[in-house]
Amino acid sequence: MSIIKLRLSLMMFLQFFIWGGWFVTLGTFLAQNLAASGAQTALAFSTQSWGAIIAPVFIGLVADRFFNAERLLAMLHLTGAVLMYLMYHTVDFASFYPLVLGYMLAYMPTLALVNSVSFAQLARPEAEFGQIRVWGTVGWIVAGLVISFVFGWDSQLGISTGALKYTFLMGAIASLVLGIYSFTLPATLPAGRGQPLRLGELLGLDALKLLKDKNFAVFFASSVLICIPLAFYYQNANPFLTEIGVANATGKMTLGQMSEVLFMLALPLFLGRFGIKLTLLLGMFAWVLRYVLFAYGDSGEGVALLLVGIALHGICYDFFFVSGQIYTNSKAGPAVKSAAQGLITLATYGVGMLVGFSVAGYITEQYSAMAGHNWFNIWLFPAGFAAIVLVLFALLFKNEKLSAN
């Protein structure tokens, strides 16, 4: 591997180490350290969606026109380090929420910036980017393993003593390191300097004409709706596992990222052999199965059900969301490819997840009690919801061959 690839790989490792180092355990931290309600937890998680909505506008208005990508990446991560350090010191939700909102507004644009820096420095980005991006997944995995197996912050003892607050200190340090390191990266000049600004292009609105295609409209609606079950996993999985007594829950949740790498490699084979419809259906069915396994699993003899449910993340994410990005790319003509991807991102991680976190917070609140939660009923809701989306998609979506536009 060349020196530049090693440097980009380190950048990507730190980028996702930071995110995985606090976001996975956020729900548990909020409940145990800040005594947050289900609605407050949903509010905190929804900051990711607001960041996803703001990010394309911020990148289009600022990053693509006025600043080198690596310098803006540095400034955002240094800002994030300060905010994360302040989050480490918070003792109530009222002071925590504006900090996490500010942090996600700063962090979400960096996801596009690390890609921009990588694409600009690679000779063949279409063939080489995967070798760089995989180190982001490794970073997320390592963060989870450090939390569980090195420091034990998510152990019953660690949680009872408030040790999960140290995840923010770890994130602050990593953000500071990446912020400083980003200044040393090769220059990535603003790609859109001097070009006309079109807000519709920034938000992906130019791709709305794709919704005239019935098949794409069905896929688009299904993508938004399936984000509601997705939000349940991000918001509730770690609190669920720790509450029922699963040891090293955060470390075990890295099985999801490990399976993501494996199924990403298998995805082209499935698309080639079974087509886009069956691949998307497998992704949706995995969501149904995962939540049924969570509903019936426990920390004793049923722990294997929980581990299988976690490991299904590769199918859940890759077979629906990644294959969905591939399908979107095939449906969009050259003029609206970027707009189409922007529209899907805005609709799913923005609007879809925003609704999903609210629903997850409401359902969780309804089944909460002094002794904990009725997790069986909580998990059956996203299982049933995903099953309805699956059936509607199966009935309305017609299989088609992917185009290489």
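Confidence in this predicted model, expressed as pLDDT (the predictor's confidence in each residue, from 0 to 100), is lowest in helix H9 (residues 199–202), at a mean of 62, and highest in H8, at 98. The protein averages a pLDDT of 90, and 92% of the residues score at least 70. Because the model is predicted, local features need pLDDT of at least 70 and side-chain atom pairs count only at pLDDT 80 or more, while totals for chains, interfaces and linings use all residues. Residues are numbered from 1 along each chain as its sequence is written, and side-chain values use heavy atoms, with hydrogens and water left out.

Helices here are DSSP runs (H or I, at least four residues), numbered from the N terminus. Helix H8 (residues 166–182) has 17 residues. Its buried residues (under 20% relative accessible area, 1.4 Å probe, protein chains only) include Phe168, Met170, Leu178 and Tyr181.

Rings of Phe, Tyr and Trp (its six-membered ring) pair if their centres lie within 6.5 Å; planes under 30 degrees apart count as stacked, over 60 as edge-to-face and the rest as tilted.

| Pair | Centre to centre | Angle between planes | Class |
|---|---|---|---|
| Phe13 and Phe17 | 6.0 Å | 20 degrees | stacked |
| Phe219 and Tyr327 | 5.1 Å | 75 degrees | edge-to-face |

Phe13 and Phe17 both lie in helix H1 (residues 3–20), four residues apart. Phe17 counts as buried, at 13% relative accessibility. Phe219 lies in helix H10 (residues 214–243) and Tyr327 in helix H14 (residues 313–331), so the pair ties together parts that are 108 residues apart in sequence. Both Phe219 and Tyr327 are buried.

Notes. Helices (H or I, at least four residues) and strands (E, at least two) are DSSP runs, numbered from the N terminus. The expected span of a helix is 1.5 Å times one less than its number of residues. Buried means under 20% relative accessible area, exposed over 50%, partly exposed in between (1.4 Å probe, protein chains only).
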